[in-house]
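Keep the structure open while you read, and start where the chains meet.

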There are 2 protein chains.
Amino acid sequence: MKAEIITIGDELLIGQTIDTNSAWLGGELSTLGIELCRKTAIKDGKQEIIDALTESHARVDIVIITGGLGPTKDDITKKTLAEYFNCGMRRDEEVLAHLTQLFANRGREMLDSNTEQADLPELCHTLFNNYGTAPGMWFHAEGKVTISMPGVPNEMKGIFTEMCIPKLKETFPLPLIIHKTMVVLGIPESLLSRKLAFIEDALPAHIKLAYLPSYNVIRLRLTGYGEAKADLESEMHPYYTSVAEACGNHLLALKDTNPMNYLMEWFIKSGISIAAAESCTGGMISQSIVRNAGASAVYNGSINTYSNASKIQELGLSAELLEAHGAVSEECAQEMAAAVRGKFGTDIGISSTGIAGPSGATDTKKAGTIYLAISNGTDTMVKKFHLFGNRVQFMERSVNAMAFLIHLFLSKHYPFGPQKKVN
Amino acid sequence: MKAEIITIGDELLIGQTIDTNSAWLGGELSTLGIELCRKTAIKDGKQEIIDALTESHARVDIVIITGGLGPTKDDITKKTLAEYFNCGMRRDEEVLAHLTQLFANRGREMLDSNTEQADLPELCHTLFNNYGTAPGMWFHAEGKVTISMPGVPNEMKGIFTEMCIPKLKETFPLPLIIHKTMVVLGIPESLLSRKLAFIEDALPAHIKLAYLPSYNVIRLRLTGYGEAKADLESEMHPYYTSVAEACGNHLLALKDTNPMNYLMEWFIKSGISIAAAESCTGGMISQSIVRNAGASAVYNGSINTYSNASKIQELGLSAELLEAHGAVSEECAQEMAAAVRGKFGTDIGISSTGIAGPSGATDTKKAGTIYLAISNGTDTMVKKFHLFGNRVQFMERSVNAMAFLIHLFLSKHYPFGPQKKVN
């Protein structure tokens, strides 16, 4: 089954918005066994929409439109779709009730432009939007499916996941594709691919291994194409097991997951409490803890000690240590991890100190240098990393480097910790 | 003058890579006064490339191709271009010398696949690649220009900036497009569009106003199309001024900018120091401070006091206050902002306390409720917000809500603060 994506929005063409939606959708379609053949970005214009739809429908069976919906701009898209599918408009009472409720909850007045969000082309099946105001639309005509969703990423993802995936599976006979993913940390892609070359060379043509690297995390995805689910799964199993074993202690999880979220799940489940003392990462590591629902069970707080003065005053580090080794040092990271554990009375303390750049580098310590430490009161582990990119990329990479260190520490001290054995 | 972009690469269609190149190119083209009408992402296939090129050439005069070049994959793209333009291949001696030098510098052996990078379609003008191995190509045939560049972002940007922009200016009489953007905070899109309706209604056909909302921030963009720069600018000026005035104190900046980055620029320039006490945002607000280069001049640190105990112990809040009003309250936010100012000895203290959800909501306080406060020791401002989305979106929105509060506070106390008057 083949699909195309059409993204609508002037903002995509003048460079104001980077389109992340269609990459996400591409991944989802691939998982479903639907081949995404083309993505087209067009302007918010009636003729542009009609042209793009006509062209895509001539090539494929599934056309997914994102964007062009919202209180100030859905007028063109919805009316154009009604015209394209040759139907009138209807008011969807369920959507209207949802909108009325939303506005009442927010204590905001409902304008005509808001009410009109409940107006949809007669021929479409409504894709109810649990995450926002603009509903999505599902058209099924002449054997082809056309989906229109708002461009706001979480709304689009919610609608696609909850409503479109089941409906696509019902509508089309999709081929059997099995993806098995694992998450690997702390190793460069080129080194990992050399470690795994002997397995890759042995893979049959219908099983493929893909490397999906992002900010010092590599997702390894084994994809099998076949006919019978059980057969394909048992055929894939030994390859998957071999890949996992070859990754050694770099293997974090036998599923697709965000490393810090995965670790925090374990912390919350185990009731092991954690606190962070950050310097150069300035809150990014704490945020990666707090963004997990239920964090309050194991997390009281963190401190950012960005200056030397605050490292001394808030964490009780000695001026002598900072003088002797510098703030960007193994010794400072170790002391920070131990101190923050005491400060917040937690089982585990973690810390970061480094040079985010562009300034602050010295002859011996380049921008991108970071020391991370973890302590449980009796043992402290510290590791130096060299991370790349601008300040924000540096911080994103730091969070994943911290996940690697936590993973190593937990593997040492908690034999039933988060790293699961391959069965 | 109209253009289209074609991006080549399977990785763009299966969700492995987010295409940032075409957004950058869109911005550059827009600045040049070239209207980008469409972006098409296709697979690494000969027929796909020929089809997409044929379609684009039927619609526009400038076609820019990115991707599909590089030692392991440029074979298809270059040979397809030679076939499309009906010519043979030639070896570019200058490119070969550059490649030979590059490999000698890196001490690496040159493979046939590397040497072949110097082979280009006879009809193209070489766009020398100072940043990598794959050269770009410029075709000028039948009045239309086709540019092909590698997909590696810094190589593409270098080639486009240094070679394509001057050649495009030489080749085409470029029309004039002026974009004027401003950033608006703390007002929903529907309400803003009602406030601005009278201006929108008065706009002539060649001047347009666009709303670009994202996480409680709205970018307003006025775009004018014309002939003479000074004329168009003076024609646009009163509309731009009216829009800015109608936004009132919701107007943050008369340019396109990230709100917290914009405010931090001002803090750093003014030497006004700042510290944050966060609860539900758990480090996200601090991170929005620290991600700005030079933050260390005005930032010593922050604290996340996630639990009541840490609010008492680390910020000295009284148990009675927390008992009487709860941690999610105006009173708690105010005390936190005042206390963190004292703790880190800064001019300004800011704070957040709320319910990120999904748990923690009460009958009177829903998930998404947040109190933000700011204090300079003599005055404290506090504001309640209702924010939507999952935990991470809640935090993203909180940062922008905090930017709104800081903006209001600075506007009150620092008449020469970041909000610039429209001239």
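Let us begin with one bridge: Ala41(A) has Lys39(B), in strand 2 of chain B, as its bridge partner. Residues here are numbered from 1 along each chain as its sequence is written, while chains are lettered from A and ligands numbered from 1 in the order in which they are written. Because this is a predicted model, local features need pLDDT of at least 70 and side-chain atom pairs count only at pLDDT 80 or more, whereas totals for chains, interfaces and linings use all residues.

That bridge belongs to an antiparallel pairing of strand 2 of chain A (residues 35–42) with strand 2 of chain B, over 5 bridges. Strands count as paired if DSSP finds at least two bridges between them. Strands themselves are DSSP runs of E with at least two residues, and helices are runs of H or I with at least four, both numbered from the N terminus.

The whole contact draws 60 residues from chain A and 62 residues from chain B; two residues are in contact if their C-beta atoms, placed from the backbone, lie within 7 Å. On the side of chain B that touches chain A, the elements that each supply at least two residues include helix 2 (21–32), helix 8 (189–202), strand 10 (207–214) and helix 15 (391–413). Strand 2 of chain B gives the most to that side, with 7 residues. By type, the side of chain B that touches chain A has 25 nonpolar, 27 polar and 10 charged residues. Here Ala, Val, Leu, Ile, Met, Phe, Trp, Tyr, Cys and Pro count as nonpolar, Asp, Glu, Lys and Arg as charged, and the others, Gly among them, as polar.

Within chain B, strand 9 (residues 176–185) has two antiparallel pairings to look at, with strand 11 (residues 217–226) and with strand 12 (residues 251–253). In the first, His179(B) is partnered by Thr223(B); in the second, Val183(B) stands opposite Ala253(B).

Now for chain A as a whole. Its secondary structure comes to 15 helices and 17 strands, and its C-alpha atoms fill a box of roughly 80 × 60 × 40 Å along the principal axes. The domains, with bounds from an automatic or database domain assignment, are these:

| Domain of chain A | Residues |
|---|---|
| Domain 1 | residues 2–171 |
| Domain 2 | residues 176–253 |
| Domain 3 | residues 259–413 |

Taken over C-alpha atoms, the centres of domain 1 and domain 3 of chain A are 43 Å apart.
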